[in-house]
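Keep your viewer open, try each task, and then compare your steps with the worked solution.

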Amino acid sequence: AERVFSGVQPTGNLHLGNYLGAIKRFVELQKSHECIYCVVDLHAITVWQDPEELKRHTREVTAAFIACGIDPEAHIVFNQSQVSGHAELAWVFNCVARMGWLNRMTQFKEKAGKDRENASVGLFAYPTLMAADILLYRATHVPVGDDQKQHLELTRDIAQKFNTDFAPSIAANGHGEGYFPITEPLIAGPATRVMSLRDGSKKMSKSEPSDFSRINLTDDADAIAGKVRRAKTDPEPLPSEEEGLKGRPEADNLVGIFAALSDTTKAQVLVEYGNAQFSAFKAALVDLAVAKLGPIGTEMQRLMADPAAIDAILIDGADRARVIADQTLRDVKDIVGMVR
Ligand code: AQP
């Protein structure tokens, strides 16, 4: 069976990159797969979070999932910390993964910055927890943005090494060849890496101080219009072919966003807007973004007004996730040789 797992951190400022790179795909995959979508609060605390804000952001990501069209009854939506198996399996994976593998992770280097001695141990070990999230459900596919590609590769390496290190025990426990699947990343479409509106060389991100760098899912029409109008561009009109976007990162980004929001390709967008001035193209992009994101923001606000209802969804999802997780943990304990 094909099973999808993915997660979003409750760290505030959910933006268009999170939507186009991840959540929009989550919604589409519901048709074809059994899906498990997680608000990864254990990941969020690798950097200090204000406790009240963490709760509010956890509910906000849940509201975003549902407002975007995820069905928490047909699939599973929950927050990570309610299923203790994530942390337990992460420990086993800390003992499978090698220091050298984690030392190569570029996200740690970016997030830890210069003061690496002062980064949390959790921030360093983040990718082993991510491997545990995915493999606890033995997920076969993971939709993520391009920035998570390296972590997905590490997940595959961990699964492979576990399968090899414990091969005789895996067979002796009746699992045949290899216990964990080698998970496939699902990274596709015209906006797998949405860039900052202020700088086409940086990814759009929650933690960027300037709010003008991103479109938030909760932005109203005026805010969206203001940000798109101020988005950095170059002086040339749009090219008529995709090839012409090379070396023009800001133009490439806006065309990619347009294509993703309208479910077409960059080439198709340029058939219509090739040779157009940015002023005209931006006006069309504002209309499109407001039409697509407006209803999501409104629905998020409505859901957020009833935190108890959101909590009930998370509790129910966690109960169902735990059934799958507990089976994996029992298997892993038997395979590794822990008495239970
Ligand atoms: N700019 C982006 N373009 C496409 N996809 C993106 N994602 C994030 N930024 C972009 C995807 O969104 C999902 C959830 O991300 P996350 O919350 O787990 O963490 P992140 O990648 O660290 O997100 P941010 O927004 O960049 O936060 P900060 O600023 O804290 O680092 C993931 O699938 C991610 O690929």
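A cavity here is a set of grid points where a 1.4 Å probe fits but cannot get out, and a residue lines it if it has an atom within 4 Å of a point. Please keep in mind that this is a predicted model.

**Exercise 1. Find which residues line the second largest cavity, and sort them by class.**

Step 1. Start with the search of the whole structure, which finds 2 cavities of 30 Å³ or more. The second largest cavity has a volume of about 40 Å³.

Step 2. Select the lining: Q107, F108, K111, L123, Y126, P127 and H151.

Step 3. Sort by class, and you get 4 nonpolar, 2 polar and 1 charged residues.

**Exercise 2. Describe the lining of the largest cavity: which residues form it, and which element gives the largest share?**

Step 1. The volume of the largest cavity is about 40 Å³.

Step 2. Around this space you will find L16, L197, I215, V228, L254, I257, L261, L285 and A289. Two or more of the lining residues come from each of α11 (249-261) and α13 (278-304).

Step 3. For the largest share, look to α11, which provides 3 residues.

**Exercise 3. Work out how α7 is oriented against α4, and then against α8.**

Step 1. Take α4 (residues 85-94) and α7 (residues 121-135). Their axes come within 8 Å and cross at roughly 120°.

Step 2. Angles from 65 to 115 degrees count as roughly perpendicular, and those over 145 as roughly antiparallel. The crossing angle is roughly 120°, and α4 and α7 are therefore oblique to each other. The handedness of this crossing is right-handed.

Step 3. Check the residues in contact. From α4 come H86, A87, L89, A90, F93 and N94, and they meet A125, T128, L129, A131, A132, D133 and L135 in α7. This contact has 9 nonpolar, 3 polar and 1 charged residues.

Step 4. Now turn to α7 and α8 (residues 149-165), whose axes come within 9 Å and cross at roughly 70°. That angle makes α7 roughly perpendicular to α8. Here, too, the crossing is right-handed.

Step 5. On the α7 side, the contact uses Y126, P127, T128, M130, A131, I134 and L135, which meet H151, L152, L154, T155, I158 and A159 in α8. By class there are 10 nonpolar, 3 polar and no charged residues.

Step 6. Link this back to Exercise 1. Y126, P127 and H151 belong to the lining of the second largest cavity, and these residues also take part in the contact of α7 with α8.

**Exercise 4. Determine how α11 packs on α12, and what α11 gives to the second largest pocket.**

Step 1. Helices α11 and α12 (residues 266-273) pack at an angle of about 100°, with their axes 8 Å apart. The two helices are therefore roughly perpendicular to each other.

Step 2. Pick out the contact: D252, V255, G256, F258 and A259 in α11 meet K266, V269, L270 and Y273 in α12. The classes here are 6 nonpolar, 1 polar and 2 charged.

Step 3. Move on to the second largest pocket, which holds about 180 Å³ of space. It is lined by 14 residues, of which P190, A191, R193, D252 and K266 lie nearest its centre.

Step 4. α11 gives the most to this lining, with 5 residues. The lining divides into 6 nonpolar, 5 polar and 3 charged residues.

**Exercise 5. State how many residues line the largest pocket, and which of them lie nearest its centre.**

Step 1. The largest pocket has a volume of about 1,200 Å³.

Step 2. Its lining counts 47 residues, of which Q9, Q107, K111, D147 and K203 lie nearest the centre.

Step 3. The elements that give two or more residues are β1 (3-8), α1 (16-29), α2 (41-44), α6, α7 and β4 (141-143).

Step 4. Finish with the classes: 18 nonpolar, 19 polar and 10 charged.

Definitions and conventions:
Residues numbered from 1 in each chain as written. Predicted model: local features only at pLDDT ≥ 70, side-chain atom pairs only at ≥ 80, totals over all residues. Heavy atoms only, no water. Axes fitted to C-alpha atoms, helices over the stretch in contact; angles between N-to-C directions. Helix = DSSP H or I, 4+ residues; strand = E, 2+ residues; numbered from the N terminus. Parallel < 35°, antiparallel > 145°, perpendicular 65-115°, else oblique. Left-handed = near helix turned anticlockwise from the far one by under 90°. Contact = heavy atoms within 4.5 Å. Nonpolar A, V, L, I, M, F, W, Y, C, P; charged D, E, K, R; others polar. 1 Å grid on protein atoms, 1.4 Å probe; cavity = no way out; pocket = protein on both sides within 12 Å on 5 of 7 lines; lining within 4 Å. Points joined across faces, edges and corners; volume = space filled by probe spheres on them.
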